[in-house]
Amino acid sequence: MANKLCGTIVRVIQGQIHAHVQIQWKDTPLSVIVTRASCDDMHLAVGDAISVLIKGTDVMLAKSFSGMLSARNRAKGVVKQIITADVLSKVVVESQGDALHAFITNTSLQEMNIREGDEVTAIVKSTELILSKEI
């Protein structure tokens with residue numbers, strides 16, 4: 001299952017090979033790296049409405065996070081539901097009224113002692129977000 005967040009492009013920085021697209025999703029800025037060719041093909045521009053798709057396996061969770069980290073995208077939220085399977089657990093985090101689905105190992109879930117109602121930070125690297133734009 002992919003997470004879908006809707007936002008607005010606030011800045012596009014074109015490089016020779018890649019483009020850095022900055023998106024405002026409610027109160028949270030998101031950073032996305034795409035190829036310049038994708039940026040050109042999609043005609044990405046400031047002010048465009050954009051959907052950001054994130055695979056649940058690309059969402060990392062942190063509890064009581066502080067410090068520096070190279071992953072740019074971070075959203076604080078509250079664990080609303082945990083569905084445990086044989087190896088992975090699906091952790092549903094509510095952030096700014098949207099549900100983010102993170103798939104983490106049961107070992108991580110137990111070691112981090114993640115429970116419903118806990119405050120967590122969902123973290124995703126800029127290269128793992130996928131952009132979708134209505135034409």
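These are my notes on a predicted model of a protein chain, starting with the whole fold and ending with two residues.

**Ground rules.** The model is predicted, so I keep to pLDDT of at least 70 for local features and 80 or more for side-chain atom pairs, while totals for chains, interfaces and linings use all residues. Numbering runs from 1 along each chain as its sequence is written, and side-chain values use heavy atoms, with hydrogens and water left out.

**Fold.** I looked up the secondary structure and got two helices and ten strands. These are DSSP runs numbered from the N terminus: helices are H or I with at least four residues, strands are E with at least two. Along the sequence I read β-β-β-α-β-β-β-β-β-α-β-β.

**Size.** Along the principal axes, the C-alpha atoms fill a box of roughly 45 × 30 × 25 Å.

**Contacts and surface.** I took contacts (heavy atoms within 4.5 Å) with a separation of 6 or more; 63% of them join residues 24 or more positions apart. Buried residues make up 39% of the 135. Buried is under 20% relative accessible area, exposed over 50%, partly exposed in between, with a 1.4 Å probe and protein chains only. The chain exposes about 7,800 Å², with 52% of it from carbon and sulfur atoms; the method is Shrake-Rupley with a 1.4 Å probe.

**Ser95.** What holds this residue's side chain? I first placed Ser95 in strand E7, residues 88-95. Ser95 counts as buried because its relative accessibility is 2%. A polar atom of its side chain lies 2.8 Å from the backbone oxygen of Lys76. Lys76 is also among the residues in contact with Ser95 once neighbours within four places in sequence are set aside; the others are Trp25, Ala75, Gly77 and Leu100.

**Asp40.** Next I checked Asp40, which is in helix H1, residues 36-42. At 38% relative accessibility, Asp40 counts as partly exposed. Its side chain makes a polar contact of 3.4 Å with that of Gln14. For that term I use N or O atoms within 3.5 Å; within protein, one must be able to donate a hydrogen and the other to accept it, and residues adjacent in sequence count only if both atoms are side-chain atoms. I also looked up Arg11: 29 residues from Asp40 in sequence, and 14 Å away, C-alpha to C-alpha.
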